[in-house]
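Subject: Structure handover

Hello,

Here is the structure for your files. My notes on it follow below.

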Amino acid sequence: MKTLAALFLTIALAAHAQIPYGNNPAAGKYYDINGFKMYTEVYGSGPALLMIHGNNGSMKSFAKSVPYFAKHYKVILADSRSQGNSLDPNHPLTFEMMADDFASLLTAMQIDSAYVIGWSDGGINALLLAIRHPEKVKRLASTGANLWPTADAFRPGLWDDEKKEYDDGLHKTYATAKEKNDRKLFLLDWQEPHVTLAQLHTIKAPSLIICGDHDLISITHTVLIYQNIPHANLWVVPNSGHATLMEHADNFNTQVDNFFTEPYKDLQ
């Protein structure tokens, strides 16, 4: 167990941009999760807050969020399966598997339930975690998530670009482990997710559904997610692309924290 002094030191370190998120031996630990070793780092103390990154990324995505939240939360960063330091090069990959991984991680860490922030693919994982393991999620904030991999979920033209990359890849040879893994992660977003509106209706956790007004995900699709979760608020971030949590970090952190801590108000 960390001493109080060690906890304060962890928070102080997190306040500096130089902290090597994703490569910090002082905070890092591997857990055996569903057939692979999941890499994690923990900062701060308080209620558990799980942060889930996007496709082919890592926990480094939350570098602008951790210092703020570690003042009042036990921030759990985790590299998703087949990404970052959580290597799993030969295993098939689905969003359902990944959501189950995060539920297993919380169990392994002896955490009954947590607040959850998910970005992009991590936003999908946050929704599926609340669907498949509702007891694990207190409240969630999902930014830049989609429910299915068709053109209507994305901004105009994006699906066509993705289709070209998919078609081009059919004629390529993927020789190295990294090339194969990158293709696997691309195919994950090309072929999935397949979340139904009926599944969204089963989410019990109060949910803040977010997108940028210039997001990769269409605003109409984000609104559809919001409309089909029983206890949800919607936030379309002005002057923002897909990376709401980076482009508007201070506002993002404050608004999400307020949603987590203030009495829930149903604005639907």
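I start with strand β6, where 4 bridges join it to strand β7 (residues 207-212), and the two run parallel. Helices and strands here are DSSP runs numbered from the N terminus, helices being H or I with at least four residues and strands E with at least two. Two strands count as paired if DSSP finds at least two bridges between them. Within this pair, A141 stands opposite L208 in β7.

Before going on, two notes on the source. This is a predicted model, in which local features need pLDDT of at least 70 and side-chain atom pairs count only at pLDDT 80 or more, while totals for chains, interfaces and linings use all residues. Residues are numbered from 1 along each chain as its sequence is written, and side-chain values use heavy atoms, with hydrogens and water left out.

Strands

Strand β6 (residues 137-143) has 6 of its 7 residues buried, so it is largely enclosed by the rest of the structure. Buried means under 20% relative accessible area, exposed over 50%, and partly exposed in between (1.4 Å probe, protein chains only). Strand β5 (residues 114-119) also runs parallel to β6, joined to it by 5 bridges, and A114 stands opposite V137 in β6. From β5 the chain passes through helix α4 (residues 121-132) to reach β6, a right-handed β-α-β crossover. Right-handed means that, with the strands pointing away from the viewer, the path from the first strand over the helix to the second runs clockwise.

Strand β4 is mostly covered, with 4 of its 5 residues buried. Strand β2 (residues 36-43) pairs with β4 in the antiparallel sense over 4 bridges, and Y43 stands opposite V75 in β4. Strand β3 (residues 48-52) runs parallel to β4 and is joined to it by 5 bridges; here A48 stands opposite K74.

Salt bridges

The count comes to 7 salt bridges, taking a salt bridge as a side-chain nitrogen of Lys or Arg within 4 Å of a carboxyl oxygen of Asp or Glu. R81, D88 and D101 are linked in a network. In it, the N to O distance is 2.9 Å for R81 and D88 and 2.8 Å for D101 and R81. D101 lies in helix α3 (residues 95-108) and R81 in the loop between β4 (74-78) and α3, so this pair ties together parts that are 20 residues apart in sequence. R81 and D88 are buried, and D101 is buried too.

Another salt bridge joins K163 and D167 (2.9 Å, N to O). Both lie in helix α5, 4 residues apart, or about one turn of the helix. K163 is partly exposed, at 33% relative accessible area, and D167 is partly exposed at 29%.

Largest pocket

The largest pocket holds about 440 Å³ of space. On a 1 Å grid over the protein atoms alone, a pocket is an open set of points where a 1.4 Å probe fits, with protein on both sides within 12 Å along at least five of seven lines; lining residues have an atom within 4 Å of a point. Of the 26 lining residues, N55, S120, D121, E162 and D189 are the closest to the centre of the pocket. Helices α4, α5 (158-169) and α6 (177-191) each supply at least two lining residues, and α6 gives the largest share, 5 residues.

Regards

Technical notes:
Points joined across faces, edges and corners; volume = space filled by probe spheres on them.
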